[in-house]
Amino acid sequence: MLRSVLVLAACAGASAFTTSAVLPKAGLRKASSTAVKMQDNSAAVPFLPRPAALDGSMVGDVGFDPLGFTEKYDIKWLREAELKHGRVCM
């Protein structure tokens, strides 16, 4: 009895890592050309607008600035301060 329970548990665990045939493929979905884009939202916080200073030119820039620091300070100064404080913490 215990042996059959263990075998069934192992099969259930292994089936969690297999692909599902029910899910549609990503390429099959058609893009809607009638959708209107109101504003460019941040990728990090989708319900907030993307800050103007965070244009994706820096590595790791996904538009995360919920407190609005980039409106008050230069983005390069903020990056330098973050690197400095990160190195001090190490």
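Is Leu 67 buried or exposed? In this predicted model, local features require pLDDT of at least 70 and side-chain atom pairs pLDDT 80 or more, whereas totals for chains, interfaces and linings use all residues. Residues are numbered from 1 along each chain as its sequence is written, and side-chain values use heavy atoms, with hydrogens and water left out.

Leu 67 is exposed, with a relative accessible area of 63% (exposed means over 50%, buried under 20%, and partly exposed in between, with a 1.4 Å probe and protein chains only). Leu 67 lies in the loop between H1 and H2 (helices are DSSP runs of H or I of at least four residues, numbered from the N terminus). Together with Phe 69, Tyr 73 and Trp 77, Leu 67 makes a nonpolar surface patch of about 470 Å² (patch members have over 30% relative accessible area and no salt bridge, and nonpolar side chains are joined within 5 Å; areas come from the Shrake-Rupley method with a 1.4 Å probe).

Asp 65 is placed in the loop between helix H1 (2-15) and helix H2 (69-72). Asp 65 is buried without a salt bridge, and Lys 72, the nearest side chain of opposite charge, is 8.6 Å away (a salt bridge needs a side-chain nitrogen of Lys or Arg within 4 Å of a carboxyl oxygen of Asp or Glu). The side chain of Asp 65 makes a polar contact with that of Thr 70 at 2.6 Å (N or O atoms within 3.5 Å, one able to donate a hydrogen and the other to accept it; residues adjacent in sequence count only if both atoms are side-chain atoms).

Ser 42, in the loop between H1 and H2, is buried, with a relative accessible area of 4%. The Ser 42 side chain reaches the backbone nitrogen of Ala 44 at 3.2 Å.

Terms used:
Helix = DSSP H or I, 4+ residues; strand = E, 2+ residues; numbered from the N terminus. Lys, Arg positive; Asp, Glu negative; His and termini not counted. Patch = residues over 30% accessible without salt bridge, like charges linked within 9 Å, V, L, I, M, F, W, Y side chains within 5 Å.
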